[in-house]
Amino acid sequence: MGIIGLGVALPALVLAAIGVVLTLRIGTALDAQSDRYNLYMAKQVAKAFEEELQGHLRDGVTAAEIVARGGADRRVMLQALESGALPGETAAYVPLNELSDYFLLLVEGQPVIYRAGIEDQGGRRFAGVILRDTQGQVVGAGGWWTDPHAFLREHVRSVVEERLANDERLYGGIESRRHISVMLVAPDGAEVARVRAPAAHEHASEAPLQGPFEGYAVRVAPTITAPILLTRRFVWIELGFIGIMAVLILLATFFGLRYTVRQIEIARLKSSFLSNVSHELKTPIALIRLAVETLEMGRVSSPEESDKFLRRISRETMRLNQLVENILDFARLEAGQRAFRFAQVDLAEVVRETADSYRLRIEDQGFTLKLDLPEGLPPVRGDGSALAQCLLNLLDNAVKYSREEKEIRVGLTQRDGMVGLSVADRGIGIATRDHRRIFEKFVRLEDGLVHDVKGAGLGLSLVQQIVRAHGGRIEVHSAPHEGSTFTLWIPRVAAADAGAVEPEARTGS
Ligand code: ADP
């Protein structure tokens, strides 16, 4: 059975594992793709800033270029440059012989001269272009000391919204420019400016800025509306889906197997029930036949001996009768056709009558039967013969499952509107784990005396069904080697119903 379970569960688990691995791979591929696109965008923004700077320098330096070609001196150059400066910028002309401390950055083939901040410029940086005289000889560089913070903040929107928007190459992939957040960060990591907010906890790709913006960086991350976020959510939904499917398949396998095991168990119990019953029927018949033949042939020597045979015939007939009753009743109960005649029943009376008819039979086998029947117990609402049948079954079990200690007590008590009829023996007892199982049809416990004593496994199931039809319940107190006490709790007659005669009631229907 375990093999069948493995045969179903294992392929399901393998498939689920493959599904999980593939989905995770799709997820990581998407993340990588998104990261790559964002890094590409960050680099594009960095480049666009350099172009913006170049454009800005070109626009402002025209006047200085004209005077440079005319061979003007430093002061005139400076004046010309000042006319092209933006607010917050200081114009500067650097003659050729002072350019050794300056650096060169090529932006689309055009040189930009720059220098990092120096003391007297208060954190500002120089950015300028080369100036030439009439012969095309470099005379120096002209530009401005600029605050990179201010420049970046000032131009971020135009760079991202206009320069990038005009570049067709930036579209494509699963991301799009509209769903990325662009942030400029200072060398100390502080945010300088940004376009759109990044989604929380998203990985950002970073590209460094160069030239006069050295140390600054462009950081690009998906926004909350980015397709990658939605796609990733689908990946998680798919993983959850695979997980639920796997759990469902495992549960279905488990319950399917449990059902099959139960069916097999019931089939096994049924077949052992048939062999038990046929044996149960044959044994008393054989004993009765033997006794009758012995009496018929006059082989008994004394009246005591003939009494013994007669008692045996009586005992075996009762046993046969009880077995047949049990089987027939069980069949009727199962089919919902067992009829009960409910009336007021004095349980003490039922116990006395049943004990009287049974006493001889069990005392013959060396048992003592003690009754504890207090006076004044209220009547119960029940079917007298059905309740007697229950008691007989319990007594029969008490006899069957006792060894040396052959003492049986039958008692009556009352509690919470119920009258309790208990049968206690000092027999082999029942382990706690079996207390529920013994009431199932055909069940006979494997341990104990089950191989020595006969039974069909129907008695307790029948008793339980009858008690339930009475609106009562059955309790068992038992432990191995400590005997067992079965108590049937039957509702007492309600005061208002006393004296009323009830119609016949059927089970199940
Ligand atoms: P059976 O025909 O086997 O007696 P029952 O339904 O009456 O069928 O009982 C089911 C099983 O419960 C028995 O086979 C036995 O193992 C256990 N059992 C019932 N009554 C007792 C008892 N008084 N003491 C110990 N075991 C008992």
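**Ligand and domains**

Author: To begin with the ligand, 19 residues surround it, and the closest are N397, Y401, D425, R444 and L460. Please keep in mind throughout that this is a predicted model.

Reader: ok, and how far is the polar side-chain atom of N397 from an oxygen atom of the ligand?
Author: For N397, a polar side-chain atom is placed 2.9 Å from an oxygen atom of the ligand. K400 also has a polar side-chain atom by a ligand oxygen, at 3.0 Å.

Reader: what about G457, which of its atoms lies 3.0 Å from a ligand oxygen?
Author: In G457 the atom in question is a backbone N or O, lying 3.0 Å from an oxygen atom of the ligand. As for cover, the ligand on its own has 530 Å² of accessible area, and the protein covers 97% of that.

Reader: switching topic, how is the chain divided?
Author: The division gives domain 1, covering 1–282, and domain 2, covering 303–506. In the contact between them, 11 residues come from domain 1 and 16 residues from domain 2. Taken over C-alpha atoms, the centres of the two domains are 83 Å apart.

Reader: and how much area is buried between domain 1 and domain 2?
Author: The buried area is about 1100 Å², with carbon and sulfur atoms giving 67% of it. On the side of domain 1 that touches domain 2, the residues comprise four nonpolar, two polar and five charged.

Terms used. Residues are numbered from 1 along each chain as its sequence is written. This is a predicted model: local features need pLDDT of at least 70, side-chain atom pairs count only at pLDDT 80 or more; totals for chains, interfaces and linings use all residues. Side-chain values use heavy atoms; hydrogens and water are left out. Domain bounds come from an automatic or database domain assignment. Contact means heavy atoms within 4.5 Å. Buried area is the accessible area (1.4 Å probe) that two parts lose on being put together, summed over both. Ala, Val, Leu, Ile, Met, Phe, Trp, Tyr, Cys and Pro count as nonpolar, Asp, Glu, Lys and Arg as charged, and the others, Gly among them, as polar. A residue is near a molecule or strand if one of its heavy atoms lies within 4 Å of it. A polar contact is a pair of N or O atoms within 3.5 Å; within protein, one must be able to donate a hydrogen and the other to accept it, and residues adjacent in sequence count only if both atoms are side-chain atoms. Accessible areas come from the Shrake-Rupley method with a 1.4 Å probe; for residues, only the protein chains shown count as cover.
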